[in-house]
Amino acid sequence: MNKLYLIGVLALTAVATTSCDHLLNDNRYPLSQQVVNPLFWSNASNVIGQTNYLYENYLGYGNGTGSGNFYWSTLSDDQVTTVGGSFRNWTYTTTPSTSSSWTSPYTEIRRCNLIIEGVASGTLTDAEKANFTAIARLNRAYQYYQLVRAYGDVPLISAVIDTDSEELYAPRDNRDDVMDFALEDLNYAKDNIATKSSKTEWSRDLAQAMKAEICLFEAAYAKYNAGNSTRANKYYNEVIAACEALMPSYTLNADYATNYQSVRSEMEANKEVIFAKMYEKGVFMHSLMDYSGSSTPIAGISKDAFDAYLFKDGKPLALTSENRSDVGEMVDGNYSIQKLLDVRDSRLSVTTYPCAMYTGQAWGISNTMLMTSTSGYGVAKYNDRRIAYDDAMTANKNYTCAPLYWLAEIYLAYAEAKAELGTLTDADLNNTINKLYARADLPNQTIASLSGMNDPANNMGVSSLLWEIRRCRRCELIMDNDIRYWDLVRWNQLELLDNTTHPNIMLGINVSAAAVAPTRQSGDYLDASMGLTRKFTDREKLYPIPTNQITLNSNLVQNPGWSAQ
């Protein structure tokens, strides 16, 4: 790490909060000056105040009027355009001078290192020290994961360093070493955090869930990007171990929508959710329902995503015996797609609305405005219809709670890891994917049936079994927590975001039977590309290092394809 991102973080603070409401995010402030006094770190309330601030790094549905990681992160083949309707290009099209994607993780890494060293200097009990150290190491691992998946090789800072340290000018460490370091932190956290399970506090279950996520990324990256099968297998096995530690303790909800449309009391009772960001009316709120249900153009799902959903017979679009037409019909002045939803995976009818919505053909319900979508498909997934219009359609008045880690993710990670290792059995399917299928009103499958599906749409060069597991993951987690983009990164499939070769990612609803034509269309479909293109080159696989960082430390070599200055 270098001075540019160090200076802002030397401000770690003696102002501690002594009470917490977990993920309500109230009264959590960073330290305003570096704390080196062992007396401060000998007070458990002070340390709790510092670990509480780490909750701020989990955006969920957003804070106040700010954006979060659900719905808002639209760079994928699941959504078209940005929220608001602008063309969605790559995160970076030129090399930035500064970027919070680089500096913010290092701010938090320093905070974690200060907690680790501060606690060691104090006089808390060994159990208290282990707990607080584990919480800090859990969060340090999460921050290194954010850095490595974006930048690849990054400087590894394992201790608090000063402004004159030679480490400020060190070259980047190998990404594998950094991720191995993160795994050590995760394993320490899962073994030493005091709380076993809690939706709102740091816990050993959260550490296991985070380990499953991070190790799944690393395993797939090693296999599909680095071609290192030994490393991949090691990390897939770590995923399996983490999932097996969690699955017996949680239960899948009967209703798919429950995880996304719950107020605080309901989320606290949710038996599927492992860790959540809590919101509460009049205390701490968000704006996700407002932005996905207002007159502001909605970033709707793509034709590519719509077509990914299986039909009720358990078959994909090319193979189904159901009516595969995607043409809607005019009903009472609205362009209805209800009959299209009726024959599909029921998760689709939770995800989108039964009527089209675009300029000239707006549509709404009791707690939304008249909505228009960039693709014609609305976003129903996060709209709790019990929330009154004023609370739903006013920024910073939405109070539904956000799942951050939940059982469906664990089922999907487990099935994928075992399929990659060639050890997935029908019993494993029954304990994971088939439970998700049942909730989606789809028939059970076997290893043989999935392996023999052979969907012609499989464009990832993987087996039919893996393709179907990836499909289930896509449909289950669509628009959630920026998951799809990073899945494409780890699978080495970012090329699928090039709309010059994959036009369906910029197309929307079939408007051939609509009374009003959209502003732009391609053939029978609404065209959300605006005549613009997002082309893929290999440089997109990694973010560019901000040029100010390279100016300060010439040993930071720029990522391939990006300008160093």
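The model is predicted.

**Stop one: the largest pocket**

Select N69, Q146, R149, D482 and W486. Of the 48 residues that line the largest pocket, these lie nearest its centre. The space here comes to about 1,200 Å³.

Now colour the elements around it. Two or more lining residues come from each of α4 (100–121), α5 (126–151), α7 (204–224), β4 (402–406), α15 (407–421) and α20 (483–490).

**Stop two: the second largest pocket**

Move to D304, A308, A457, W467 and R474. They lie nearest the centre of the second largest pocket, which 20 residues line. About 400 Å³ of space lies inside.

Select α11 (303–308) and α19 (464–476) next. Each gives at least two residues to this lining. Which element supplies the largest share? That is α19, with four residues.

Colour the lining of the second largest pocket by residue class. Nine residues are nonpolar, three are polar and eight are charged.

**Stop three: the strands**

Finish with β5, β6 and β7. They form an open sheet in the order β5-β7-β6, and the pairing is antiparallel. Pick out β5 (507–510) and β6 (521–522): these are the edge strands, each pairing on one side only.

Zoom in on β5 and β7 (residues 525–527). Two bridges join this antiparallel pair. Select N510, then look across to β7: its bridge partner there is Y525.

Definitions and conventions
Residues are numbered from 1 along each chain as its sequence is written. This is a predicted model: local features need pLDDT of at least 70, side-chain atom pairs count only at pLDDT 80 or more; totals for chains, interfaces and linings use all residues. Side-chain values use heavy atoms; hydrogens and water are left out. On a 1 Å grid over the protein atoms alone, a cavity is a set of points where a 1.4 Å probe fits but cannot get out, and a pocket is an open set with protein on both sides within 12 Å along at least five of seven lines; lining residues have an atom within 4 Å of a point. Grid points are joined across faces, edges and corners, and a volume is the space filled by probe spheres set on the points. Ala, Val, Leu, Ile, Met, Phe, Trp, Tyr, Cys and Pro count as nonpolar, Asp, Glu, Lys and Arg as charged, and the others, Gly among them, as polar. Two strands pair if DSSP finds at least two bridges between them.
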